[in-house]
Amino acid sequence: MENTTKLTDNIQTEEFFLQKKEWRDTFIGYAFVLPFLILFTIFTLYPILQGFWISLHDWELVGTNIQFVGLNNYNRLLNDKLFWSSLEHTIVFVILSGPVLVIIGLLFALMLNRKIRGMGIFRTLFYMPNILSVAVVGLIFARIFASDQRGLINAVLIPLGIEPIQWTLDSRLAMPVLAITTLWWTVGFNTLVFLAGLQGIDESLYDAAKVDGANNWQIFRRITLPSLRRSMTFVTVLQVIGSFQVFGQVDVITGGGPSGATRTIVYYIYERSFDYWQLGYGSAMAFVLFILLFVLSIVQLRLREEN
């Protein structure tokens, strides 16, 4: 009987210490996460909630005239032709730039994933444009695609007897110019992500495929692409979000022109908020964009999981 009592006491004591250790580990875990949660709340969650609160008001930029209008700003969006046209222009830009950036980023990564002497130099060169600011990139390509004889491309075409091309003054060419600019500027990041994914693939898989007689296309299709599924998802989601938020290239190169042909949703938010001092209406558009991007991201992740 005494032995049974001692055994029970030992079990209870052990359970107490295990539970105490579990509480301590949980506390330590929350202690490590707490700084991130504080910064996330201050710099992300609070601005989102504050932005939604501003969207419910007729709020001037300097905050001197504030009137609660409820959902009127959201109702106004339904009849705002400029809002819908800017959303349409943004979708066109996403279609022009998104797939190309993903595909070319993957091709560059395949080229750079070779064990050749000095390859590190080429990898650095491919990524270097990504460290430039959008203002610098915009000024460079504004000079390259200038519509007069001072443009770099037109300076080459004119001596050949070809009329100067109105790159940024033609509504059919202005958006492709922005897509090309974005491609040169940001493809290095996608290349870096895909390159990291390629280097994480087990070499024995390639060796086994070659032994089985698989050709390069079969190896790429059956081994490389499936192994890059996570990298592809990551790049695709970020690319869609980034393309929907395009602003700097538009502001520096085209200014939303010609005739509003390159006015994207973020550029229109900027115009309404800071040019017309309609901060409440701009916040409503920004919150709608936030919901749209959130839904698109969830849909993309769900589709990838199903596949």
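I started with Tyr 74 in this predicted model: Tyr 74 is buried, at a relative accessible area of 17%. The cut-off for buried is under 20%.

My search of the whole structure turned up 17 aromatic pairs. In one of them, Phe 52 and Tyr 74 sit 6.5 Å apart centre to centre, with 45 degrees between the planes, so I logged the pair as tilted. Phe 52 belongs to helix α1 (residues 2-55) and Tyr 74 to helix α2 (residues 72-78), so this pair links parts 22 residues apart in sequence. Phe 52 is partly exposed, with a relative accessible area of 33%.

Then I moved to Trp 53. Trp 53 and Phe 68 make a tilted pair too, 6.3 Å centre to centre and 40 degrees between the planes. Trp 53 lies in helix α1 and Phe 68 in strand β2 (residues 66-68), so parts 15 residues apart in sequence are tied together. I found Trp 53 partly exposed at 44% relative accessible area, and Phe 68 exposed at 56%.

My last stop was a helix pair. Helix α3 (residues 81-112) packs against helix α10 (residues 229-244) at about 150 degrees, with the axes 8 Å apart. The two are therefore roughly antiparallel, since an angle over 145 degrees counts as such. I logged their crossing as right-handed. Among the contact residues are Leu 87, Ile 91 and Phe 93 of α3, and Met 232, Val 235 and Phe 244 of α10. I sorted the contact residues into ten nonpolar, six polar and no charged.

Definitions and conventions: Residues are numbered from 1 along each chain as its sequence is written. This is a predicted model: local features need pLDDT of at least 70, side-chain atom pairs count only at pLDDT 80 or more; totals for chains, interfaces and linings use all residues. Side-chain values use heavy atoms; hydrogens and water are left out. Axes are lines fitted to C-alpha atoms, for helices over the stretch in contact, and angles run from 0 to 180 degrees between N-to-C directions. Helices (H or I, at least four residues) and strands (E, at least two) are DSSP runs, numbered from the N terminus. Angles under 35 degrees count as roughly parallel, over 145 as roughly antiparallel, 65 to 115 as roughly perpendicular and the rest as oblique. A crossing is left-handed if the near helix is turned anticlockwise from the far one by less than a right angle, and right-handed if clockwise. Contact means heavy atoms within 4.5 Å. Ala, Val, Leu, Ile, Met, Phe, Trp, Tyr, Cys and Pro count as nonpolar, Asp, Glu, Lys and Arg as charged, and the others, Gly among them, as polar. Rings of Phe, Tyr and Trp (its six-membered ring) pair if their centres lie within 6.5 Å; planes under 30 degrees apart count as stacked, over 60 as edge-to-face and the rest as tilted. Buried means under 20% relative accessible area, exposed over 50%, partly exposed in between (1.4 Å probe, protein chains only).
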